[in-house]
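Subject: Structure handover

Hello,

Here is the structure I promised to pass on. Please open it first, then read the notes below.

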Amino acid sequence: MLEGFPVTSRRRFLGAAAGGGVLAASSISFAAAVNRNQDVEARIAHRDFKNLYKEDLPTPCMVVDLGAFEKNLKTMSDHCRNTGIKLRGHVKVHKSPDIAKRQLALGSIGVTCATVAECELMARSGVTGILLTRQPTSKNNINRTIALARREPTFGTVVDDPLVANWLQEAAADEGAKVRVAVDVYAGLTRHGIAPGESAVELGKKVSASKNLKLIGFMGYSGTASHTHGWEERKKKSKDDLAGLMESVSAARKAGLPVEIVTGGSTGTYNIDAESNGLTELQAGSFVFMDTLYRHIGGKSDTAVYTDFDPALTVMTTVISKRHPNQCTIDAGNKALLRPTDEVKGRPEVKVENQGAEYGILAWKDGDRDFKLGDRVELYPSNLDMSTNVYDRYYVARSEQIVDVWPIMGRAGAAQR
Ligand SMILES: Cc1ncc(COP(=O)(O)O)c(C=O)c1O
């Protein structure tokens with residue numbers, strides 16, 4: 001017997017696996033499983049999470065703290081209800097129809113997506129109210145955008161260029177489709193957005209006059225305000241960045257254009273956008289899990305830490321070597337997207353260092369608490385979008401117990417494009 005190995009839990013797990021029950025008639029049976037990991041896979045395939053614990057999982061893997069996640073969703077939905085702003089949450093952060101559907105159940109009006117592929121994934125999963133926040137410019141993307149509009153009448157896209165409005169109109173006319181379109185207005189981020197004011201209104205008029213397009217409103221995403229440190233500074237930055245959008249919206253209304261939606265915002269500005277910026281809807285995404293970059297921008301009440309939402313996602317790793325003082329090696333490295341700005345859950349003083357493709361180092365000061373060989377160590381990732389992109393499932397946990405598994409879909413590779 002291996003000294004110190006958690007034998008009791010292994011017995012508990014395999015004992016439960018041998019129970020059969022609902023799995024008896026299945027092709028992937030526990031009887032056929034020859035090792036512990038196959039038992040875990042068989043259990044997940046059958047959605048039988050009884051007696052499945054974090055300690056049974058292979059590492060590195062992504063774990064959702066369901067309690068914290070649900071609290072984050074509730075905080076945002078309460079905020080939306082109280083202020084009247086709607087949520088059309090960004091899915092690029094999580095790429096999970098399970099999460100999108102939970103948000104819809106709590107009152108979201110739809111989702112925002114960065115890519116056509118994300119829109120297709122959400123549409124296939126039965127999600128409605130999808131808005132593509134990047135204008136389609138390739139033949140491939142325009143064709144798929146039209147297909148989405150035909151399939152789902154609540155789908156919409158943005159444009160920031162009259163040329164793209166022409167292309168969409170032509171393609172939509174060819175297919176007999178009607179496409180909902182919002183004008184994307186520059187809001188401090190030079191990657192996209194037409195100049196506010198006259199140019200934006202002219203583009204709105206053009207869309208509105210296009211037979212196969214329907215103008216639904218305006219978008220302005222201030223990606224520079226979202227991570228501005230300090231709530232007052234963020235408020236000012238966001239107000240300045242969105243001033244042009246608001247000016248465009250009021251000019252468009254004066255010109256008699258229909259403005260059903262004014263969309264934008266982020267996790268960092270969610271409690272600024274409704275009150276001061278005049279947005280009708282929020283595209284916040286990261287709040288569902290939070291990451292360490294967001295945690296340190298500071299909030300309205302706590303200037304050092306942004307505590308409005310709780311960290312709900314970790315990368316779980318295992319300590320695999322301990323041969324040097326004040327440090328240990330974990331089984332997560334470049335491939336697991338380990339970053340020096342990641343933080344150890346419950347041990348913020350520990351330094352996280354990258355040691356190669358499959359290895360990471362945790363380092364601590366003399367006298368600090370040690371880690372033991374085989375310990376499970378959970379890390380808060382620095383950036384959600386990139387991290388979730390390299391895992392294919394979320395293990396959903398209440399405390400130590402796994403209660404669900406949600407696939408992360410449409411990730412890296414062709415499926416993402
Ligand atoms: C267009 C757009 N809207 C909204 C967001 C807000 O996302 P988050 O709340 O994760 O900062 C992003 C994030 O990059 C975005 O690209």
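The side chain of T112 reaches the backbone nitrogen of H90 at 3.3 Å. A polar atom of that T112 side chain also lies 2.8 Å from the backbone oxygen of R88. Both are polar contacts (a pair of N or O atoms within 3.5 Å; within protein, one must be able to donate a hydrogen and the other to accept it, and residues adjacent in sequence count only if both atoms are side-chain atoms).

Two points on the source. This is a predicted model, in which local features need pLDDT of at least 70 and side-chain atom pairs count only at pLDDT 80 or more, while totals for chains, interfaces and linings use all residues. Residues are numbered from 1 along each chain as its sequence is written, and side-chain values use heavy atoms, with hydrogens and water left out.

Back to T112. It is found in strand β3 (residues 110-113). Helices (H or I, at least four residues) and strands (E, at least two) are DSSP runs, numbered from the N terminus. T112 counts as buried because its relative accessible area is 0%. The cut-offs are these: buried is under 20% relative accessible area, exposed is over 50%, and partly exposed is in between (1.4 Å probe, protein chains only). T112 touches R88, G89, H90, V91, L131, T133 and Q283, leaving aside residues up to four places away in sequence. Contact here means heavy atoms within 4.5 Å.

R88 turns up again with E281. The side chains of E281 and R88 are joined by a polar contact of 2.6 Å. The E281 side chain makes another polar contact, with the side chain of T263 (3.0 Å). E281 is found in strand β9 (residues 281-282). At a relative accessible area of 2%, E281 is buried. Its contacts, not counting residues up to four places away in sequence, include I85, K86, I109 and I261.

I216, in strand β7 (residues 213-220), touches L131, R180, V181, A182, P258, V259, E260 and I261, not counting residues up to four places away in sequence. I216 is buried, with a relative accessible area of 2%.

Next, the nonpolar cores. A nonpolar core is a set of buried Ala, Val, Leu, Ile, Met, Phe, Trp, Tyr and Cys residues joined through side-chain atoms within 4.5 Å. The largest has 91 residues, and F69, F289, L362 and Y394 touch the most other members. Helix α3 (residues 66-83) gives the most to this core, with 6 residues. A second, separate core has 12 residues, including V40, I44, A397 and I402. In soluble globular proteins, nonpolar side chains tend to be buried together.

Helix α6 is worth a look too. N141, I142, R144, T145, I146, L148 and A149 are buried in α6. The buried residues of α6 pack against α5 (116-124), β4 (130-132), β5 (156-159), α7 (162-175) and β6 (179-184). R151 is in this helix as well. R151 touches A123 and R124, not counting residues up to four places away in sequence.

Last, some backbone details. The peptide bond from T59 to P60 is cis, with omega near 0 degrees. P60 sits in the loop between α2 (36-45) and β1 (61-65). R47 is in the loop between α2 and β1. Phi of R47 is near 50 degrees, a positive value in a residue other than glycine. R47 counts as exposed, at 51% relative accessibility. L337 is not a glycine either, yet has a positive phi of about 65 degrees. L337 is found in the loop between β11 (327-330) and β12 (343-344). At 15% relative accessibility, L337 counts as buried.

Best wishes
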